[in-house]
Amino acid sequence: MRRKVKKKKIKSLVKGPLFKKKKPLQYYSPSYRMNKDIKVEIEKRYNILTAIIVLAVILLLGSLFVVQVVRNDYYKSQIKTLTLKTIDGPSAPRGRIYDRNGKLLVDNKANKIIYYKKPSGIKFKDEVNIAYKLSDMIDLDVKVTDNDLRTYWVRSNEKEAKKLITDKEWKRYEERKITNDEIDRLKLERVPEEQLNAYSDVDRKAIYIYTLMNTGYSYAEKTIKGTDVSDEEYALVAENLSELRGVNTKLDWERVYPYGDTFRSLLGNVSTSKSGIPKELKDEYLKKGYSLNDRVGISYLEYQYEDVL
């Protein structure tokens, strides 16, 4: 009988752990890793920046919605408050007069006025600058005279004007043989014509305004333009009062008669803002609380119904 012999399995050395296939090693250079890190960092920052921009746009749109829709009425009222300017007039307009059939006999017409009141301590150069600024803002019928031009030249060229007086005349002035008024007259007479002809239309307009600013009593109100003042002129001057020292605006009124001179003798008259309360009626009106420059009825129906009008 044959014996069965168990065959021992002999592991092949070829298949052993020493001969296992290994994955090829991957080698990364330092520069490659650095570039990869930079790309990741850029992507992060880009995403953050995008989120910030989106958030800012959302906030902006939300703010616009609140301003234009939710609080639209509030901001409109704020704009009106900031842009409206209250203008005080010297006196309130008088009441209208109607006949028994309701027909208007006497009405009021608003009169816009631009005037100047000399501030204390203001200098000649300041007034000249104001005159030039005003000349750009308002239209005027320039009626500057030869004497106005000469007076302005003397004021603006004091050293040259003094040279127009001879030494003999100065000596006579020191000896009080001629007066200061005579010296001033000689200066005006001797102003060179070429100097006067050198003034342009712009200069002449400014000189005319300067003359209006210095006519009459020094610190009284001088009307620069009191008729046909347009809304644009009135608003432009009113908006720039901070640059026009001494200049101001006001609203006055004047009576209008739709039927002309008909019934004028019966309707009566009203005093002007310059004349104010008549001297003979001063005590009567002051007791009623009027001011001296208030406009009041001085004759017939205007006077009789003063308390009503």
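**Notes on the fold and surface**

1. The protein chain has 13 helices and 4 strands; these are DSSP runs, numbered from the N terminus, with helices being H or I of at least four residues and strands E of at least two. This is a predicted model, in which local features need pLDDT of at least 70, side-chain atom pairs count only at pLDDT 80 or more, and totals for chains, interfaces and linings use all residues. Residues are numbered from 1 along each chain as its sequence is written, and side-chain values use heavy atoms, leaving out hydrogens and water.

2. Of the chain's 309 residues, 29% count as buried (under 20% relative accessible area; exposed is over 50%, partly exposed in between, with a 1.4 Å probe and protein chains only). The accessible surface comes to about 24100 Å², with 55% of it belonging to carbon and sulfur atoms (Shrake-Rupley method, 1.4 Å probe; for residues, only the protein chains shown count as cover). Among contacts (heavy atoms within 4.5 Å) with a separation of 6 or more, 71% are between residues 24 or more positions apart.

3. Do have a look at helix H10 (residues 231-239), whose buried residues are Glu233, Tyr234, Val237 and Ala238. Seen down the helix axis, these fall within an arc of 125°, so they line one face of H10; the arc is that of the directions from the axis to the C-beta atoms. An α-helix has 3.6 residues a turn, so residues three or four places apart point the same way. The buried residues of H10 pack against strand S2 (104-117), helix H3 (124-137), strand S3 (221-225) and strand S4 (247-256). Turned away from that buried side are the exposed residues Asp231, Glu232 and Glu239.

4. Leu64, found in helix H1 (residues 30-70), is partly exposed at 39% relative accessible area.

5. Arg176 is in the loop between helix H6 (167-174) and helix H7 (180-189) and is exposed at 77% relative accessibility. Tyr300 is found in helix H13 (residues 300-304) and, at 55%, also counts as exposed.

6. Lys279 sits in the loop between helix H11 (264-267) and helix H12 (282-287), exposed with a relative accessible area of 76%. Lys279 and Leu292 are 13 residues apart in sequence and 9.3 Å apart in space, C-alpha to C-alpha.
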